[in-house]
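Student: I would like to go through the terms used for this model and check each against its cut-off.

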Amino acid sequence: MFSFDHLLSLPLYKAIQTLILLSVANQVFSLDVYYSYNQRQVDWRRFLFEGGSDLSMKLLQITPESISNRINMRNRVGRILYNETFKLWSKKTSKVASFNTTFELYIQRVNGEPCGEGMAFILTNNPSVPSNSQGQWLGIVNEETNGLSSNGIVAIEFDTRKSSADDIDDNHVAVDLNGIRSAQQFSLVQAGVNLSSGSIVLARIQYDGESRKLTVYASMLYDSGRSQSRPLIALDIDLSEYLMEDVYVGFSGSTGDLTQLNYIYSWDFTGTNLTEGNNPTTGYIAPECLLTGMASVETDVYGFGVFSMEVACGRRPGNNVRSPNDQGNSILDWLWDLYERERVLDAVDPQLNGVFDEEQMKLVLKLGLACCHPNPNERPSMRLVLQVLSGEAPAPTLPVEKPTFMWPLMPSNSEFAPTSLEEQSCGGGRLTMSMDLTGR
């Protein structure tokens with residue numbers, strides 16, 4: 001079992017490696033997934049492949065591909081899920097987590113013929129594909145189980161066929177609860193989106209566990225800047241009423257008499273997991289939590305920053321939190337004071353007896369301070385932290401003096417602001433993390 005004291009006993013480079021592994025494996029209190037087809041190497045072991053799904057040319061292929069023999073593509077079904085569950089809600093506290101997910105989906109016609117049936121982003125308690133769930137069932141349920149509360153599945157479907165009278169058209173997005181009868185749907189024609197166009201569609205789904213609101217955005221990838229400002233679906237829903245506490249996240253899809261190729265080009269998922277404890281160590285609590293009482297991906301980064309300081313300095317944070325700007329976090333205040341006086345290396349754990357790489361230690365300490373910036377929008381993503389620790393990115397630039405916590409929050413002007421699809425800001429959480437678990 002991992003312990004703080006054991007980490008302090010390690011040589012610095014080993015401690016840094018352990019910190020990297022901790023950020024990768026645990027993300028403090030969050031689940032993060034990032035996958036992209038243009039990664040150099042895709043670790044397929046991070047996914048569960050069910051039914052006819054596969055990894056084809058580094059693309060997540062939800063349903064089978066067989067261009068040369070089209071009949072093999074008919075009435076097929078598949079699921080691709082991340083292989084770790086996400087703590088969606090807590091029975092003990094009744095709190096529900098928040099999450100953000102962004103993905104690029106690509107649907108290809110076969111021989112120029114009409115498409116069918118569709119794909120969906122799913123949260124489910126059961127990773128297995130239901131039997132006879134091809135065709136209109138989209139790998140979600142089947143005729144016998146449709147609508148049963150025991151299904152434990154919520155799906156955001158991207159449908160390319162009007163399979164029933166309830167479907168608005170053959171090009172729509174909808175929210176399905178334990179079945180394929182939609183709680184809310186939207187015709188993508190109104191948003192200038194054509195699922196069957198042979199072009200990549202960018203989808204974004206957000207869930208706010210505090211307000212219990214689900215929002216769905218979609219646009220053609222080339223038009224994402226203009227078309228993702230308003231949600232296509234905004235649904236008030238308590239997901240804890242439909243799902244058990246721990247869920248798998250991923251995709252399902254199907255074909256019927258009509259066929260199509262269902263691919264995912266990239267996928268970001270960031271969710272803030274819930275903690276069961278009632279008395280967290282207050283030295284790890286980000287200042288905004290004292291006002292809002294809410295956890296986020298950024299508060300996880302703050303906790304990681306405090307932890308990295310503990311490792312480098314050999315001391316624990318203070319616990320007497322009184323106000324956002326008077327946190328009683330002695331290690332943070334102490335380290336800022338040393339940094340301002342250009343004596344940051346005085347903070348190094350004396351047990352190291354001066355045997356450490358000075359530049360490497362400065363980097364770790366500066367990262368800790370950057371992660372603990374009082375403005376959550378100024379904190380680096382865990383992906384950037386990992387890149388800095390591995391030498392792929394420069395050390396962060398810190399202000400000369402310790403910044404002051406201000407509320408309401410100011411927008412970010414720092415180098416850490418997200419600048420790409422993989423670090424878009426959505427509802428307070430940055431959508432990062434690589435499929436090999438290297439992001440926030």
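Predicted model: local features only at pLDDT ≥ 70, side-chain atom pairs only at ≥ 80, totals over all residues.

Tutor: Residues are numbered from 1 along each chain as its sequence is written, and side-chain values use heavy atoms, with hydrogens and water left out.

Student: How many helices and strands does the chain have?

Tutor: The chain has 8 helices and 18 strands. Both are DSSP runs numbered from the N terminus: helices are H or I with at least four residues, strands are E with at least two.

Student: What makes W336 count as buried?

Tutor: Its relative accessible area is 2%. Buried means under 20%, exposed over 50% and partly exposed in between, with a 1.4 Å probe and protein chains only, so W336 is buried. Buried residues make up 55% of the 440 residues in the chain.

Student: Why is the pair of W336 and Y339 called edge-to-face?

Tutor: Rings of Phe, Tyr and Trp (its six-membered ring) pair if their centres lie within 6.5 Å; planes under 30 degrees apart are stacked, over 60 edge-to-face, and the rest tilted. For W336 and Y339 the centres are 5.6 Å apart and the planes are at 85°, so the pair is edge-to-face. The two are 3 residues apart in helix α6 (residues 330-340), so about one helical turn separates them.

Student: How many aromatic pairs are there, and what makes F121 and F251 one of a named kind?

Tutor: There are 17 aromatic pairs. The rings of F121 and F251 have centres 5.8 Å apart and planes at 70°, so this pair is edge-to-face. F121 belongs to strand β8 (residues 118-124) and F251 to strand β15 (residues 246-254), so the pair ties together parts that are 130 residues apart in sequence. Both F121 and F251 are buried.

Student: How do you know that β8 and β15 pair?

Tutor: Two strands pair if DSSP finds at least two bridges between them. β8 and β15 are joined by 7 bridges and run antiparallel, and T124 has Y248 in β15 as its bridge partner. β8 also pairs with strand β9 (residues 153-159) in the antiparallel sense, over 7 bridges. There, G118 is partnered by D159.

Student: Why is strand β5 (residues 77-82) described as largely enclosed?

Tutor: 6 of its 6 residues are buried, so the rest of the structure largely encloses it. V77, R79 and L81 are buried on one side, and G78, I80 and Y82 on the other. β5 pairs antiparallel with β15 over 5 bridges, where G78 stands opposite G253.

Student: How do you know that the length of helix α7 (residues 358-371) agrees with expectation?

Tutor: The expected span is 1.5 Å times one less than the number of residues. With 14 residues, α7 should span 20 Å, and its end C-alpha atoms are 20 Å apart, so the two agree.

Student: What makes R204 count as sitting over the ring of Y217?

Tutor: A charge sits over a ring if NZ of Lys or CZ of Arg is within 6 Å of the ring centre and within 35 degrees of the ring normal. R204 lies over the face of Y217, at 3.9 Å from the ring centre.
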